[in-house]
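Hi everyone, thanks for coming. I'd like to walk you through one structure today, so please have a look at it with me.

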Amino acid sequence: MSTVDKQLETVRETIDEEVPRDITISDVTYEGPELVIYTRNPKKFARNGDLVRRLASKLRKRITVRPDPDVLTRPSQAEEEIMSVVPEEAGVTDLDFHADTGEVIVQAEKPGVVIGRNGETLREITQRVGWTADVVRTPPIESSTVANVRSFLEQEREDRRDVLERVGRQIHREPMSDDEYVRITSLGGCREVGRNAFILSTPDTRVLVDCGDKPGADDEKPYLEVPEAFGAGANAIDAVVLTHAHLDHSALVPLLFEYGYDGPVYCTEPTRDLMGLLTLDALDSATTDGRSPPYDSEMVREALKHTITLEYGDVTDIAPDVKLTLHSAGHVLGSAVTHFHIGDGLYNVAFSGDIQYDDTRLFEGATNEFPRVETLVLESTYGGRNDYQTDQGDSERKLKQIVQNAADRGGKVLIPTSAVGRSQELMLVLEEAMREGSIPTMPVHLDGMIWEATAIHTTYPEYLRDDLRDRIFDDDANPFLADQFNHVDGGEDERREIADGDSCIVLSPSGMATGGPIRSWLEHLGDDADSTVAFVDYQARGTLGRRIQNGWDEIPVGGESGSSTVALNMNVETVDGFSGHADRQGLENFVSTMNPRPEKVLCVHGDESSTQDLSSALYHDYNLRTFAPKNLETFRFI
C-alpha cells in the first residue's frame, strides 16, 4: 500500500469519528489540492452546516462533499425543486446537471441571491434534492470563449477527474529527501521583456512559473530543453503556475504538453479562459503570417484540461513541500502575484508577475502584504531611472486632445493595443469622455479579440473595481454596452470601408504592432496625414511599434518582413500612463511598503538597463540584497 493510500485511510478514520452515525461515507479521495468526500447522505450533510468546517479545520485540508450518483433526485424533478427554492429575482438562466460529481451548475444573473445568506439557499438545495449546487454568473455580454471552455471541460469531465486524482496523489505524497534548499533558475525574462519562465525548485519539487514568448522575436523561445532547466524533460516539472494570460507569460504553456508534460496548471479562472483565447489566436496569427506554430490547438485543449483554478487568497497545497497563494496584481483581469510558502516555514518566495501598484479604472492596485517573503522576483519593465509615467489624469487628457485634433482634421485615431486590459481601460475612458461631451461622439471600432476579451471581463466582474462591477450589473449603466462601440468582424472589406469613412477611433491588437489586424489598419491608414497612430502600450525593442516610435516612415506589409512597404504619413503619438505596469516610482513603492519587506529582490522582465537601474536603486535606497539575473542563472537561497 502506498503512503498516499495509508494517509487516506487515516483521514477516513478521522472523518468516521467526526461524522454522525446516520451519515454514510462511501469514499474519500484526493482530487487536485482538495479532499473529496463521497456520501450517500448529502441532505444530512447539508443540514449539519458546521460539519464540513470542522473537518476542514481538523484535517487542515480543503474539503468538497459530493453525493453518490445513485442517491440523487432525477434532474427533471430536481430542476422543479431548485426553481422553487431560488428566489425569482436571482434570474436563473440555466441548470446543468453532472451526475458523475453530483453537481448542478446554476447560471444566474445574480449569483448572490442563489447562494443566500451564508450559503443558506445552497444548503437548502442540497437538502431537498441531494445535488451540490455551484453558481456561476450569466454574463451581460455573451462570451464564446467562456462558453467553449466550460463546454470543453464538461465533455472532458471523466478525463479531468483522472487528472485531478493523479495530481492529488502527487501533491499528498511523502517528501522524498531530507535535504533543504530553495533555488530559482531563470529560463527567460531576464534583461529582456518577454519569454518569461522561471523554475522554483526544492529537493522534492520543481514548479515552473510562467512560460511565455518574446514579442517581435519568434525564433527565441524559453530554454525548455537545456539540461540546467528540466533535466529529464518536461515531465520533471511538478506544477506550472501562471501569473496572467498575456502571451509573454503564457504563450508556450501548450508547448509543455507537446513535450510530454502531464501535470497541473494553476491560475485564476479568468486567466484560464484568456489563455485559451490568446493562445488559439496566436496560432491563427502564425498561420496567417506564414509561420509554423510551435504546437497545435489540441495542445491548447490539453493545457485547459489540466488547469486548476484558484481564487485570490486561497492557500493551496501544490506539492508536499509547497503551498501557493494568489494575490491581485492589478495588471490585467485575473493577474496574480504568486506567493510560495516552502516547507514547514522554511522559506517564502513571491513572483510579482506584471504589476500595477496604483488603482486604475479597471482594478485596485497590486497586493503587497504577505505573512512572510524572504525573496521577491520583481518585474522591471519601467524600472529605468527615468521611467516615470504620466499621471493617469494627464494621460487621459492627452488622449482626448489627440482624438479632438484628429476629429478637427477629419481624420481617425488608430490605437494599437493589447486585446486584454488596455483595450477595456481605453473603452472606459472614451465612453466617459463622449458621455460627458469632452470629445465628439463617434464610432469606436473594436477589432480582433477585443470584443471577446471585453465579454470575458463582464463574465468575471468580481475581479474588477467595486464601482465598475456595480455599473456592469446594471444593463442601462454598463459602459461596455455603449452604443458607440462597434465590433469589427467583417474582415478586410469592413476595415477598408471604415478607413474610407468619417472620423472614428480604432482599437486593434497587437499592442506592439507585431501581428494581428493592426498591420492591416496601418496599411489602410498609414498614408493619411490627417490621422494619428497613438501608442499606449509598452513597445519592446525590435517590434514594429518601437520602430515607428523611433521614426520609421515606411512599414512592411504582408508580415513583419513583407516584400512591399507603405508610406507612413500618419501623425505618431505616444501616451504614457495607460500601461498596466507600475512605473519606476510604483515599483519602488511596491517594495518599500511591502509588509514584511523582502531580504532579497531579483529584478527581471525589463531591458538590461532597466533591471540594473532598479536593482541598484533598491540596494542603495532600502538596503536590500538585489540582483539583475541573466537567463540560465540559478540562485540558491537556503
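This is a predicted model: local features need pLDDT of at least 70, side-chain atom pairs count only at pLDDT 80 or more; totals for chains, interfaces and linings use all residues.

Let's begin with the rings. Searching the whole structure turns up 10 aromatic pairs. One of them is Tyr312 with Tyr463, an edge-to-face pair with 5.3 Å centre to centre and 70° between the planes. Where do these two sit? Tyr312 is in the loop between β12 (307-309) and β13 (316-319), while Tyr463 is in the loop between α16 (450-459) and α17 (466-473), so the pair ties together parts that are 151 residues apart in sequence. As for cover, Tyr312 is partly exposed, at a relative accessible area of 28%, whereas Tyr463 is buried, at 14%.

Now for another pair, Tyr382 and Tyr538. Their ring centres are 5.5 Å apart and their planes stand at 90°, so this pair is edge-to-face. Here too, distant parts of the chain are linked: Tyr382 belongs to the loop between β17 (375-379) and α14 (392-409), and Tyr538 to the loop between β22 (532-535) and α20 (544-549), 156 residues apart. Are these two tyrosines buried or exposed? Both Tyr382 and Tyr538 are buried.

There is also an aromatic cluster, made up of Phe198, Phe340 and Phe351.

Which elements supply it? α4 (75-85) and β4 (92-98) each contribute at least two residues of that negative patch. Asp94, for example, lies in strand β4 and is partly exposed, with a relative accessible area of 40%.

Technical notes
Residues are numbered from 1 along each chain as its sequence is written. Side-chain values use heavy atoms; hydrogens and water are left out. Helices (H or I, at least four residues) and strands (E, at least two) are DSSP runs, numbered from the N terminus. Buried means under 20% relative accessible area, exposed over 50%, partly exposed in between (1.4 Å probe, protein chains only). Rings of Phe, Tyr and Trp (its six-membered ring) pair if their centres lie within 6.5 Å; planes under 30 degrees apart count as stacked, over 60 as edge-to-face and the rest as tilted.
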